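Subject: Structure handover

Hello,

Please find the structure below. My notes on it follow.

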Amino acid sequence: MPFITALYLVFLAAPIALLLVGSFGESWSNTLLPQGFTGRWYLQIWEDPTFRRAFLVSFQVMAATCVLNIVVGYPLAYAIYATKHARLRFVARLAALMPIAAPELVLAFGFILAFSSDTLPWLGSFWLLVAAHLVLTLPYTVTTLVADMQQLRLADYERIAASLGSGFAARQRDVALPLVSTSLTSALLTVAALSIGEFQMSNLIAGFLSRTYPVVLLQAFYGATGFACAATVVLLVLATVASIASSLTARFADLARAG
């Protein structure tokens, strides 16, 4: 069993290690490892206006997606948690999780059909791309918040606050939001990691001026291998940092509650 686990970890880590090594290789063609050593590929990424623009677009899309996950995700999660109708809660949770079950290709074709018409000519626009990222990431925010509300027994705290004369808006501001703030932060960091790395749907619906970093990254593999490896490493670092931050936030929250 340990041997199988170790073999799996090697299989998982080997491509990432080769990308890292290749990003510093002078040349890499028909050999197991690259030849020479250079850091110029990272400098070229920074100097390339196409990659700089794509990098900026990715961060703008990510930021807008995170904001919309708060604006849409928290009320939806609260409504699912607070409803007293079990069937309605089940249907709402099922609808919220559908984007995870549906292949991204199907969702992308749906966006293309719906928003390339004369009535809704929004295909290729920045905000349609943000909407697509919202659809893909919202289930993670909703699931995280609903689970945390249940674990924290939010309804009990709200009943206490209501018995002291606190209205709905005050309960949201002073009780509900502070209680779930850590899990909301963790969910948003996960959303950020997913948005930064999302490719399949973005590749199909993004316009020329709203291409994200992963979409432009695909083009790099038609050129110098070292440049493509360096560009991929940058994307991996961004997604990894967001994922680690999300895990640490959730971990610290668990330790705080246990203490």
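**A helix pair**

The axes of helix α5 (residues 104-115) and helix α6 (residues 126-152) come within 12 Å and cross at roughly 145°. Axes are lines fitted to C-alpha atoms, for helices over the stretch in contact, with angles from 0 to 180 degrees between N-to-C directions. Helices (H or I, at least four residues) and strands (E, at least two) are DSSP runs, numbered from the N terminus. On the α5 side, the contact (heavy atoms within 4.5 Å) is made by E104, L107, F111 and F115; on the α6 side, by L128, A131, A132, V135 and L136. These residues divide into 8 nonpolar, no polar and 1 charged.

This is a predicted model, in which local features need pLDDT of at least 70 and side-chain atom pairs count only at pLDDT 80 or more, while totals for chains, interfaces and linings use all residues. Residues are numbered from 1 along each chain as its sequence is written, and side-chain values use heavy atoms, with hydrogens and water left out.

**The whole chain**

The chain has 11 helices and 0 strands. Its C-alpha atoms fill a box of roughly 70 × 55 × 35 Å, taken along the principal axes.

Helix α1 covers residues 2-22 and contains Y8.

Regards

Key
Nonpolar A, V, L, I, M, F, W, Y, C, P; charged D, E, K, R; others polar.
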